[in-house]
Amino acid sequence: MTVAEPDLVASGTARVEWADRAMPVLREIRSRFAAERPLAGKRVAMCMHVTAETANLARTLAAGGATVALAASNPLSTQADTAAALGAAYDVGVFAGDPTDADMATYYKNIHAALDVGPHLVLDDACDLITTLHTERTALIDDVIGGCEQTTTGLVRLRAMHRSGALRIPVVDVGSSGTKQLFDNTYGTGQSVLEAVLHASNLLLAGRTVVVAGYGYCGRGVAARAAGLGASVIVTEIDPLRALDATLNGFTVLPMDDAARRGDVIITVTGNRDVVTTEHLALVRDGAVLANGGHFDVEIDVRALAAAAVEVRRDVRPGADEYVLADGRRVLLLASGRVANLGAGEGHPPDVMDLAFADQALATEWLAGAGGSLEAGVYDVPAEIDAAVARGKLGAMSIGIDTPTDSQIAYLDAWEQGS
Ligand code: NAI
């Protein structure tokens with residue numbers, strides 16, 4: 001464990017407990033896990049953002065009887081106090097390095113350290129833990145009964161692994177469950193990426209132009225929230241259906257070549273690479289804010305920005321560096337082009353992580369219950385888990401819904417009744 005500063009434990013514990021207040025579904029699962037111990041004797045390796053919300057997931061797995069080792073999934077997103085609290089107060093092994101240390105060697109060293117637990121279950125966020133298991137730590141695979149993947153980018157990699165025949169374990173696609181994708185990606189990313197932009201730039205968005213690259217689950221949330229704050233929103237896309245959807249939702253759709261010159265704020269959430277390139281940097285406005293909400297730091301060409309700059313003013317704003325270009329234009333880059341809501345903000349509010357992490361906890365229990373009987377492959381979150389998590393959240397919010405009558409169920413099941 002590389003992060004264990006005792007003076008941080010109190011503030012980390014307070015942060016974790018604060019987040020827990022807004023995570024009623026996970027809390028309920030934790031108390032059931034503590035009583036039933038469905039993960040007794042299981043070792044779990046996780047690679048996730050070391051945040052208060054993740055801490056509550058790790059506590060839940062530990063309450064279920066698991067030994068948990070957590071590696072940081074992004075060097076810049078680690079909350080040092082949360083890491084300290086996890087080790088000291090919640091008995092979770094944390095391998096996060098120095099939160100200011102963004103070096104990849106440390107990142108992979110942490111992943112190896114988490115794998116050293118000899119996992120039965122692996123919980124990943126972008127597939128680096130699972131790929132490391134399948135490439136450098138193959139001796140551990142026979143003990144692994146399954147895993148979960150949290151994010152869209154990881155699922156793209158996981159499916160590619162499965163197509164090529166490389167995947168040797170069953171992995172639950174938590175990232176595509178209704179309760180994760182709709183709420184975490186859309187409402188969580190929508191709010192928290194903008195929160196990071198506002199915190200770092202202190203711009204009034206009303207009356208300004210925000211360019212959102214990618215109108216997927218995340219992009220539609222960012223676009224809607226930016227519009228709600230009074231910005232004019234331009235969407236860029238490569239998918240005709242999604243471009244049409246954005247248009248019919250009232251947004252202007254343009255190629256990035258046109259959009260880049262108009263944006264006061266440019267936000268990438270595509271899961272793709274090279275979305276803002278040298279050509280676009282030549283067009284951006286003086287004072288433009290660049291933020292990436294996609295998982296990896298390949299969406300904005302940060303090297304090209306550095307090469308074009310005559311001066312870089314580090315930390316000119318919280319979580320943001322200013323690049324001064326040769327012609328005097330200034331560009332504010334959030335979180336070095338890494339995932340901005342975590343690198344320059346506090347990440348998703350716990351309310352949304354409650355759903356995704358309730359899915360993770362229940363999917364982990366489901367895998368443990370299957371006891372290694374599942375074939376290697378990518379599995380949907382069982383529908384009953386998705387429904388139970390949504391129901392739990394509605395219950396916690398004291399929101400009732402209707403129950404279909406027997407005749408309604410029969411009507412929806414029948415094909416004989418026409419007009
Ligand atoms: P998605 O697949 O629903 O949407 C991505 C969209 O980007 C698609 O509509 C695609 O057509 C479009 N796109 C791809 N290449 C493009 C390009 N060159 N220019 C313009 N548009 C392009 O994916 P989702 O769920 O919205 O996730 C996007 C990224 O955000 C992924 O990397 C995912 O891992 C990450 N993510 C980040 C979160 C955060 O907290 N910041 C939370 C959840 C996901």
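Searching the whole structure gives 20 salt bridges. The term means a side-chain nitrogen of Lys or Arg within 4 Å of a carboxyl oxygen of Asp or Glu. This is a predicted model, so local features need pLDDT of at least 70, side-chain atom pairs count only at pLDDT 80 or more, and totals for chains, interfaces and linings use all residues. Residues are numbered from 1 along each chain as its sequence is written, and side-chain values use heavy atoms, with hydrogens and water left out.

Start with Arg59 and Asp20. They form a salt bridge, with the closest N and O atoms 4.0 Å apart. What does this pair tie together? Arg59 sits in helix α3, residues 52–63, and Asp20 in helix α1, residues 6–21, so the bridge joins parts 39 residues apart in sequence. Helices here are DSSP runs of H or I, at least four residues, and strands are runs of E, at least two, numbered from the N terminus. Are Arg59 and Asp20 buried or exposed? Both are buried. Buried means under 20% relative accessible area, exposed means over 50%, and partly exposed is in between, using a 1.4 Å probe and protein chains only.

Next, Glu36 and Arg32. Their side chains meet in a salt bridge at 2.9 Å, N to O. Both lie in helix α2, residues 24–36; because they are 4 residues apart, about one helical turn separates them. Glu36 is partly exposed, at 48% relative accessible area. Arg32 is partly exposed too, at 27%.

Now Asp116 and Arg137. This salt bridge is 2.8 Å, N to O. Asp116 is in the loop between α5 (104–115) and β4 (121–124), and Arg137 is in the loop between α6 (128–135) and β5 (146–149), so the pair ties together parts 21 residues apart in sequence. The two ends sit in opposite classes. Asp116 is exposed, at 52%, whereas Arg137 is buried, at 18%.

There is also a network. Salt bridges link Arg15, Asp81 and Glu346.

On to cysteines. How many disulfides does the structure hold? The count is 0, where a disulfide is a pair of cysteine sulfur atoms within 2.5 Å. Take Cys47: the nearest cysteine sulfur, that of Cys127, is 10 Å away. Cys47 is buried, with 0% relative accessible area.
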